[in-house]
Amino acid sequence: MDCIITIDINTSAVKVHAFDMSGNLLCRKKGSYPTFHPQPDYSEQDPEQIFITTLYILKNLLNEYIHPQKLQVNAICFSSSMHSVLPVDKNGTPLGNAIIWADNRGVKEADSLKKSAKGESIFHTTGTPIHPMSPIVKITWLKNHDQERFKQTYKFISLKEYVIKQLTGEYIIDHSIASSTGLFDIHTLRWHQDSLDFAGITADRLSEPVSVFNTHLTLKKEYCFTLGLSAKTLLIAGASDGCLATLGAGIVGANKATITIGSSGAVRVAGKEVLRDEKNRFFNYLLAEGYYVSGGPSNNGGVVFEWFARQFGDFTTDLDFEDVLNDLFKEAAQVKAGAEGLLFLPYLLGERAPLWNANARGTYFGLNINHERKHFVRATLEGILFEIYSIGKILETHRDFDSIYINGAYASLPLWTQILTDMYGKKIYVNDHHDSSALGAALLGLTQMGIFKTLEEATATVKSQENYQPNPKNHGIYMKYFEIFERLSHKLAEEFEQIVKLQQEK
């Protein structure tokens, strides 16, 4: 039997899946790696650790399942998180760690670009909101604050590009990842000169942009031998995890939206037109040529609840981390909607949409003497989801959607999905396949191989049998609390900035 393998390099782990040629899951394996925060607002990852983990997990999946079952691997398609920047020298050796999407060190550079004469033009040309997450800002920060490393850099690449370079010896960047850099014209599919000028680089210091369907790469001989794969195995460039999660949710046409909640979160719609917002609050990334994914990302998804669990979960017994999380969910379920007046602003990593404020900080509000740990658990969960709701609320003013599909690591948790359903006041469908980025990569690859004629035909195979119905009473409660949540998020902007400055004075 033939199969296709997907490699998804996301923030907390690499996930390797195998699908049959109809898009049905055969097997999967996962390997985790850490994110380092050497200073406040810094978020970095070790590229060597990520590549070694990727290779190890891929080899294990092949040796434990694919080869014993005598499956033929026809293709490998790549997916990864966006916005990482890794400087490498002429030998391809990393010059330090990769700076990832959650990094907020470039606040001043982002502010400078926003206020520049060409800031708005760059946003509309590239589709990437101007924020410290963006590679154009990260590269500019390196130019301004780490000039020696900037000068030594042969190319600025993403973690996905680094893994592909290790496996093939080639520097390429797919149009989807390129469209999230702030350096790429999503209309002409070329590097954008004004963006390059701002960052202080030329196009030859970036990889060659290629179609998401590109198959011109080949595995190095040593990896063909190590992995037991044929040199004829197709390597498909693939796209970004956010765009592929949208595809894997079955969202390509109108009147549909998808919510992804993993380490971060996002609300997205897809179509053949760019979504234009007068306040520049949304991204417009390329899923594939002629297909745009529009929406807003949140820095603060599951990573915030995991932070809460590590700080305040009960580890006195021999429970593992998953058990501690489950116990906290049970506590949260004991508390009514609204956490009895306790609100949480979840901005532990600053925030992207809809605030676009890297200085935003986490805040508990409304605390009184009767609040217990269970109220904090519930408020933390609701705060994360209020932020997700706030993105969808604004997005819906530009693009109607009557169907919402949820996926990601936390989509399988009933409490999360029910709260989100109550907030939206709409039925929410749970995709049968929670790793929608992996499924999206498989569907993209199978379309490239001619199994599906179009992406629309591919998405027609996606199933969502489970659904949640909103509780009208809880919806009314949440709307009242959301008004306060939204006002606080904006009112505290000055205080957020002041507290950040105090930290920097240390």
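**Close-up views of a predicted model**

**View 1. The aromatic cluster.** Phe305, Trp307, Phe308, Phe312, Phe329, Tyr410 and Trp416 together make up one aromatic cluster in this predicted model. The count of aromatic pairs comes to 25. One of them joins Trp307 and Phe308, whose ring centres are 6.5 Å apart and whose planes meet at 65°, so the pair is edge-to-face. Within this pair, Trp307 is partly exposed, with a relative accessible area of 29%, whereas Phe308 is buried, at 2%. The rings of Tyr410 and Trp416 have centres 4.6 Å apart and planes at 35°, an angle that makes the pair tilted, and both of these residues are buried.

**View 2. The largest nonpolar core and the surroundings of Phe305.** The largest nonpolar core holds 124 residues, among which Ile259, Phe305, Trp416 and Leu420 touch the most other members. Helix α13, spanning residues 373-395, gives the most to this core, with 11 residues. Not counting residues up to four places away in sequence, Phe305 touches Leu325, Leu328, Phe329, Val377, Thr380, Leu381, Ile384 and Trp416. A second, separate core of 45 residues includes Ile76, Tyr223, Cys224 and Leu349.

**View 3. Charged groups over aromatic rings.** The charged end of Lys165 sits over the ring of Tyr171, at 5.0 Å from its centre, and Arg205 lies over the face of Phe150, 4.8 Å from the ring centre.

**View 4. The loop at Pro68.** Pro68 belongs to the loop that runs between α1 (47-66) and β5 (72-80). The C-alpha atoms of Pro68 and Asp197, which are 129 residues apart along the chain, are separated by 53 Å.

Conventions: Residues numbered from 1 in each chain as written. Predicted model: local features only at pLDDT ≥ 70, side-chain atom pairs only at ≥ 80, totals over all residues. Heavy atoms only, no water. Helix = DSSP H or I, 4+ residues; strand = E, 2+ residues; numbered from the N terminus. Core = buried A, V, L, I, M, F, W, Y, C linked by side-chain atoms within 4.5 Å. Buried < 20%, exposed > 50% of the residue type's maximum accessible area, 1.4 Å probe, protein only. Contact = heavy atoms within 4.5 Å. Phe/Tyr/Trp six-rings, centres within 6.5 Å; stacked < 30°, edge-to-face > 60°. Lys NZ or Arg CZ within 6 Å of the ring centre and 35° of its normal.
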